[in-house]
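Here is a briefing on the structure shown below.

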Amino acid sequence: MDRPKGSVLVVGGGISGVQAALDLADSGFFVHLVEKSSAIGGSMSQLDKTFPTNDCSACILSPKLVEAGRHLNINLLTLSEVLDIQGGPGHMKVRIRKNPRYVDTEKCIACGTCAEKCPKKVPNEFDLGLGTRKAIYLRYPQAVPLKYAIDPEACIYLNKPGRCGFCKKVCPSGAINFDDRPEEMTLEVGSVILALGFRPYDPSALDFTGYKNFKNVVTSMEFERLLSPSGPCMGHMERPSDKSEPQRIAWLQCVGSRDINRACHGYCSSVCCMYAIKQAVIAKEHSKSGNLQSSIFFMDMRTHGKGFEAYYDRAREEGIRFKRARVHTVLPAKDDNLVLRYSNEAGELIDEEFDLVVLSVGLETDPEVIRLCHDLDIELDQDNFVATSPFSPVATSKPGIFVCGAISEPKDIPQSVMEASAAACGAGGMLHEARWTQTKKKEFPPERNVYSEPPRIGVFVCSCGINIASVVDVNEVTEYARKLPGVVFAQNNLFTCSQDTINQMAETIKKERLNRVVVASCTPRTHEPLFQETLREAGINKFLFEMANIRDQDSWVHQKWPEKATEKAKDLVRMAVAKVRGDEPLPYNHVPVTKKALVIGAGVAGMVSALSLAEQGFPVCLVERKEILGGHARKFYRTWHGRVMKEYLEELIKRVESNPNIDLELGTTIEDVSGSVGRFKTTLSNGKNVEHGVAIVAVGAESFKPRSGPWNYLYGKNPNVHTLLELDQRFIKDDEGLKGLKQAAFIHCVGSRVPERPYCSRVCCTHAIDQALKLKELNPDMDIFMLYRDIRTYGKREHLYQEAREKGIVFIRYDLEHLPEVWDDDGKIVIEVEDQIIGKRVRLHPELLVLASAVRPRDDVGELSKLFKCAMTEEGFLLEAHMKLRPVDFATDGVYLAGLCHYPKPVEETIAQAQAAASRAAMVLSRDSVPAESITAEVNPMKCTGCAVCTKVCAYHAVVMDGKTGKAVVDTGMCKGCGACVAACRSDAITLKNLGNEQIMAAVEAAMESW
Amino acid sequence: MQKEIVDLSSIRARVKKQIEGAVPDAKIDYCLTCGLCASGCPATGIEGLDPRKFLRLLVLGQDDEILKTNWIYSCTMCQRCKYACPMGIDVGRIVYEIRGMRPKDKRPKNLQRSCDLQKQSNSTGIPNEDFVWVVKDVLEEVRQNEPQWRDLKAPIDKKGARYYLNQNAKEPTVEPEEMVPLWKILHVAGIDWTYSSKWWDGANYCLFTGDPEDWEYTVRKQAEVVDALGCRYYINTE
Amino acid sequence: MFYATLEGLRRFKIPHNFEFISVISLYAKLIRQGRLRVDSSWNKEGLKFTCQDPCKLVRQGLGDVVAEDLRFVIKAVAGEENFVDTWPRLSNNYCCGGGGGALQAGFVENRRRYGRLKFEQLSETGADVVITPCHNCHTQILDLCDYYGGKWKTTHLWNWLEKALVLEDRDETGKE
Amino acid sequence: MEKAMGENWEPKIIAFLCNWCSYAGADLAGVSRYQYPPSIRIVRVPCSGRVSPNLILDALRSGADGVLVSGCHPGDCHYISGNLYARRRFALLERFLEFIGIEPGRVNFSWVSASEGEQFAEVVQEVTERVRKLGPAKKLVKEITICPR
């Protein structure tokens, strides 16, 4: 067979698709990223904030989108759909239809003149119809690509040629093309990733929610837009009926989830509890009155993720009300208010009035995605999500096609991002022989040495059509620039970013022997990379460049003051010129990569990571403190899908042991670590030194054993009291004694969600219920009681909970105020607990009591985290670089984490995270060197007093004290150029290259000159 | 305050099992105890119960309380709880079964009597001949007093009529003039219809006593009558 | 009760050759077909109408379709603008509390307590007339109105339909 | 005194904006066409944590009537924690400014995220008004020499 294709198709431009595309493109594969709408960003771009960090969604997402949009090895196909996929792994032919945009993306400068003049208003789908947009529109303000598109259904001209056509008349760059037609194309790729996400459940069919009848009943997605600063009410949180600010908001949970009656969705949507809490918290922040009362009506509060339980606790402290009740029907009240009537646990009926009701709608698969999967012969599960197996969580039934994100199960953003990397690992790993075969590489001429030259500055002033020129007198600014010291060339352009102007700029740099360039146009956030590349093409260092933002921050915001805007433009140009004068060429830093990985911990996570890398040809050193492989999973009977762990584990161990690329170090721990990404040196306890480019930490966790204290429940005192894993041991051994039991009981949350361990252990509800079902398999007549606080069988696991109830397993809820009492009556276990529904105490006599005890971090994780300079959470789990978007990276580059040391998780998520860690590691290992920040800090040892303040403020541990000299030293490979150390230095001994105090002050002083 | 203790050394839950035997899709165990039913049930609080508590008593095998409570006669088996219940549990159906478990002599007398009468012909127990006489008498009165309705019809046992019309027993018994508007409407529309002189009552209280055989018997009788007349449609006025 | 026959035929698999229909659906069909012509101009005072959705006919019977038919007929008879809907409504409407044999069972206090919700819901509409297409509902709602001091008139639909009938093709003698 | 300066007097304000949030927020104000007074000159810095007290004082010394420092909201920092250092430093600086006789309100700190275009315009409006009320910065500022540069 031929060598496989070195390219991958990613379908879906949401966060998971974008992440998968970036991982692949950065590890040697060419990516075609197909997106149905006119811009990438997906559902995440519609969110206001994200839990549990309350990050602004657009802020953390945009950089990734911009990166994907500009990536040389990502071919972005917007307004496109997959029609058909033929062939198998390594060689697939994909037919794609690209729908017309009617706007030439090469020419569109996103000035918005077209939309301003367009007479046709239609409901804006990005705001879920709460606001309007024009027929020519940007999907959202930060859209990537930042190009307008015409909605052919709404456009007057396209429906009645000869009418309207205003956009074409006013477009300053001639970008409108009414003759655009759909195109079909065939791409050849090696593998495919489907990242098609979900759609929010439409509650219209649930008449009792009042969604169709009452304006002030909105879905959670609509409420996200009402909160968003870029939404229809610009973040002022107005309720739809009268635009007033709601003072009392209620959230109704499980709308379209956990409902086999009306919604036909038996699964839990996993994210709604958390997003409802987040919305309640954020709404409180938005409230101008400060008196907002937020109430969440729920069945089980499912805050099962990292940091979620603490978020829930904090929300309660902040006064968010949590009502364990469900409302049958939303009732109308005066002034468009709403009344919720609910029965509390005591059975009392209570009526409460609200100004706004938010329906926490679940996630479901879009029918179009279902159709596509049918066409592609990809197996779906009973809920129409793509079917996957616990041991290959991102592989579909079709070889060579992978999935990530909510297409396979409702899940949150971190889990989706994790899976995106895992899918990239799968899709790229199978094509590893073809790495770098289809990628493009930009070649630049050698750079001219400009050190000895006096500044010869060129200034390019952009009119941006009329966007700048209609307010700012660009000619005056150009003339002014020409006279500034050091400036030898100044020119005004209609569109500085147009391809011909760019080419001409490169010529000018060469012809005029310019050694510094200023472009006065739009924002550097979108255009700096383009112009910097032009400098490189013209043979000068890209850091000899500045931009003056005379559009976004001048002409667009001072439309009423053209004279002052012109003065300001001159100032901005003068500031840029003053700054660029001091700019020096900076090195394009690179760190050479030692092509080897160190994996610490040989449980399932460590072994999967190691194998994923080894099978792509990368040598791995796998270190395990015990003498055997397998870790925690050895004690584990089966996954909740019913797959026996032992079979999988034995196979996995065999593969690890027989892989020639894996160097096993058993009975070994880590003694010391030095270096940084690309060039770590680690000393093992057996005295060996390992040089490696990356490290994956997968050291697992432990099961909490309540030998004493409040959660003891006779553990260690009565032989019939077990932890979950101890019962698993009896299952593994086929213990006959279990069959004869008449009654068994489980107590959930033993040592989890309690003051000393305030997090949820995520896995125990599902594990305990699966065990109860196993007991029922052994003896269907056994009476089984589950004493629980909230059942957290998120996602598809909800089916298991339902099955348990179907089989007659009885669930009794308790809370911290009403703990179950357990005592020993002459060797027999007795439990008493209050059933809050009937208000009576029930007494149980189980012959087996199982404690679903917490998963706790290992005590020695702290030492390891210090060695790798990684942070830990308060609870003692390892802390990733960013909870939302970098779930497998540490803040320290080149170090990744996977498995239980990150947070308790079931085996399928452990495997996904392990594969994700391998993908991230492969991004480094697949290259000979990795780029490092050029704008880095620099210490002047003459001035350094050795106070070490800089080392404390550096979040990246890039500044360390030199033991010999007692002075601070910056590791340029690790420095991110934030400048925190510069600001903190008391003796002015640290500076940031091209952003030193002198340079910033040069700009400030220049600003003051004419004022 | 010590609460009552329920010992669950083994759950007997006989009533629950009996219901599950009769109604395989009763789904009692599916209950999430979310309380949505109780929030929307007009009978919540009556006799200290609500649909959720009621199901919970069944699950925990509190059979004595289940069999004793008169809440089963406040629950109208209206199925509004089932309508929105996430699990679609039909409390009304379960209540029906429990009503049937009560010995006939322990049931509300009038309710049982209505069904017993229904089994003879109609729920008020007026003789069929009286019904026929009342219809004819009222029709005659209208024809005489209202000249524009002199050709109004109220056929009984008209074989081959396209439509069969039932009659709630309340009207011929206590307010016979209430029958007339419908006759007029059908007349104006040119509907070819007929009553039956047997099993003409449109209500059916045997639906509520809990004995399926009674219910079946009465419906079967109605169906036989309609088919014997050869009507294409059976118009129900309830 | 509509449901008694509908479900009885189904559950006990009783053989039959007829189609079981509701008089409400029939009214609606006849009006739509033009076989019944109605005119709301009699309602000069603008009497406001609302209705009960009988559980046995709507939620347990033919669903929202028949409930919408009911509204269609009332609006045709009393004038579009004179119909005030309830909430909840259609298949989700409250049971009046008279069904399920409650009227016969004798727990009067419980039955009225149950009906309190129905009474409040109907009162809130401010309607002058409540149409009850089921005899059980009719009796219960009459009682609730009387017991709790309601201001409306509880009636069947046929009385108003008769009032609104257009009889222009018929002369005084009754000849067509 | 306010009258003496005239209605048309525009204060000169230097704004240090972090690249990732506030600068993006300022861009969004432009994209959304929120209008604000042409009283500020923006200096882009990687992180609000880069802005040392010296830079703020230097800006005042070189003639600015006011200074605005704006960074990411707590928790949003692109560099993990830089904005928190900035916040802490600013709290200390405020007291120092009071000590040397600079009116509160000349130096301002705010959080503006990349999606808060309107908020950015509002912040500029507010800061401009605040500084306008204080009047031109006095030579006092130019006289002090503090930092060991």
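**Briefing: chains A to D**

Strand β4 (residues 233-236) of chain B and β1(C) run parallel and are joined by four bridges. The model is predicted: local features need pLDDT of at least 70, side-chain atom pairs count only at pLDDT 80 or more, and totals for chains, interfaces and linings use all residues. Residues are numbered from 1 along each chain as its sequence is written, while chains are lettered from A and ligands numbered from 1 in the order in which they are written.

Terms for elements and pairing:

- Helices (H or I, at least four residues) and strands (E, at least two) are DSSP runs, numbered from the N terminus.
- Two strands pair if DSSP finds at least two bridges between them.

**Chain C against chain B**

- Two residues are in contact if their C-beta atoms, placed from the backbone, lie within 7 Å.

**Chain B against chain A**

- In this interface, 33 residues of chain B are in contact with 37 residues of chain A.
- At least two residues each come from β1 (5-7), α2 (36-40) and α3 (51-59) of chain B.
- The most, five residues, comes from α3(B).
- The side of chain B that touches chain A divides into 16 nonpolar, nine polar and eight charged residues.
- A strand pairing also links these chains: β44 (residues 840-844) of chain A and β1(B) pair in the parallel sense over three bridges.
- Val6(B) in β1(B) is the bridge partner of Val842(A).

**A sheet in chain A**

- Three strands form an open sheet in the order β33-β34-β35 (chain A), with antiparallel pairing.
- Its edge strands, each pairing on one side only, are β33 (670-676) and β35 (689-692) of chain A.
- Strand β34 (residues 679-684) of chain A pairs with β35(A) in the antiparallel sense over four bridges.
- Opposite Val690(A) in β35(A) stands Thr682(A).

**Ile732(A)**

- Ile732(A) is found in helix α18 (residues 724-732) of chain A.
- A residue is buried if 20 or more other C-beta atoms lie within 10 Å of its own, exposed if 12 or fewer, and partly exposed in between, with C-beta atoms placed from the backbone.
- Leaving aside neighbours within four places in sequence, Ile732(A) is in contact with Tyr637(A) and Lys646(A).
- Ala481(A) is 251 residues from Ile732(A) in sequence and 80 Å away in space, C-alpha to C-alpha.

**Chain D**

- Chain D has six helices and four strands.
- From the N terminus on, the elements of chain D run α-β-α-β-α-β-α-β-α-α.
- Of the 149 residues of chain D, 60% count as buried.
- Among contacts in chain D between residues at least 6 apart in sequence, 83% join residues at least 24 apart.

Notes:
Ala, Val, Leu, Ile, Met, Phe, Trp, Tyr, Cys and Pro count as nonpolar, Asp, Glu, Lys and Arg as charged, and the others, Gly among them, as polar.
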